[in-house]
Amino acid sequence: MRQIQNRSKLTGMVDLKPWLGVQGLTVRDFALGLDVPLKTAEDWVYRGVVPSTDNQAKLADYVHARCAHYWVIAVPNGPISEGVCQLCGHVREFTNSTEYAGPLAKPLGTTDKAVEGKSAA
Ligand SMILES: [Zn+2]
């Protein structure tokens, strides 16, 4: 009998090192932004030190505010879809309304004539 592992991530705690890399931030920027000593920030980023509850809240705010969220939205199932940010793990709900035009939506007014690579010789 196999046990099913619940691999859902804990929300709120980001893997800081890759996150900072993606945002183009240094640990120094991060420390300044959070108003914590550089060494403290380095402990969190490089040594996996878990911030205090206060700092965790601060950190989550900072990450949420700074993150260039990359939402991956689940297959619509009802009026609400759940989106998870691939960068910070933040979860939010998206309404499946008509306002949302997916990236696959065809722009209106464009012709379907594809320009072919071959020239008519
Ligand atoms: Zn994010």
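Predicted model: local features only at pLDDT ≥ 70, side-chain atom pairs only at ≥ 80, totals over all residues.
User: In what sense do β1 and β2 pair, and over how many bridges?

Analyst: Strands of a sheet pair through backbone hydrogen bonds, either parallel or antiparallel. Here β1 and β2 pair in the antiparallel sense, over three bridges. Two strands count as paired if DSSP finds at least two bridges between them. Residues are numbered from 1 along each chain as its sequence is written.

User: Which elements does the chain have, and in what order do they run?

Analyst: Helices (H or I, at least four residues) and strands (E, at least two) are DSSP runs, numbered from the N terminus. This chain has four helices and three strands. From the N terminus, the order is α-α-α-α-β-β-β.

User: Which strands are at the edges of the sheet?

Analyst: The sheet is open, its three strands are ordered β1-β2-β3, and the pairing is antiparallel. The edges are β1 (71-73) and β3 (91-95), each of which pairs on one side only. Neighbouring strands are turned by 35° against each other on average, direction ignored. β2 (residues 80-85) pairs with β3 over five bridges. Find Ser81 opposite Phe94 in β3. Then find Glu82, whose bridge partner in β3 is Glu93.

User: Which turn residues in the two hairpins have a positive phi?

Analyst: Look for glycines. In the hairpin of β1 and β2, with six residues between the strands, Gly78 has a positive phi near 90°. The hairpin of β2 and β3 has five residues between its strands, and Gly89 in the turn has a positive phi of about 80°. Now look at the loop between α2 and α3, where Asp35 sits. Asp35 is not a glycine, yet its phi is positive, about 60°.

User: Is Asp35 buried or exposed?

Analyst: Count other C-beta atoms, placed from the backbone, within 10 Å of the residue's own: 20 or more is buried, 12 or fewer exposed, in between partly exposed. Asp35 is exposed because it has 8. Leu34 has 18 such neighbours, so it counts as partly exposed.

User: What does Leu34 touch?

Analyst: A contact needs C-beta atoms, placed from the backbone, within 7 Å. Leu34 lies in helix α2 (residues 27-34). Leaving aside neighbours within four places in sequence, Leu34 contacts Ala41, Lys58, Leu59 and Tyr62. Leu34 and Lys58 are 24 residues apart along the chain, with 7.0 Å between their C-alpha atoms. Leu59, under that exclusion, touches Leu34 and Pro51.

User: Which residues of α2 and α3 meet?

Analyst: From α2 come Val27, Arg28, Phe30, Ala31 and Leu34; from α3 come Leu38, Ala41, Glu42 and Val45.

User: Which residues make up the largest nonpolar core?

Analyst: Nonpolar side chains tend to be buried together in soluble globular proteins. A nonpolar core is a set of buried Ala, Val, Leu, Ile, Met, Phe, Trp, Tyr and Cys residues joined through C-beta atoms within 7 Å. The largest one here has eight residues: Val14, Leu16, Phe30, Ala41, Trp44, Leu59, Val63 and Cys88. Over the chain's 121 residues, 7% count as buried.

Key:
Contact = placed C-beta atoms within 7 Å. Axes fitted to C-alpha atoms, helices over the stretch in contact; angles between N-to-C directions.
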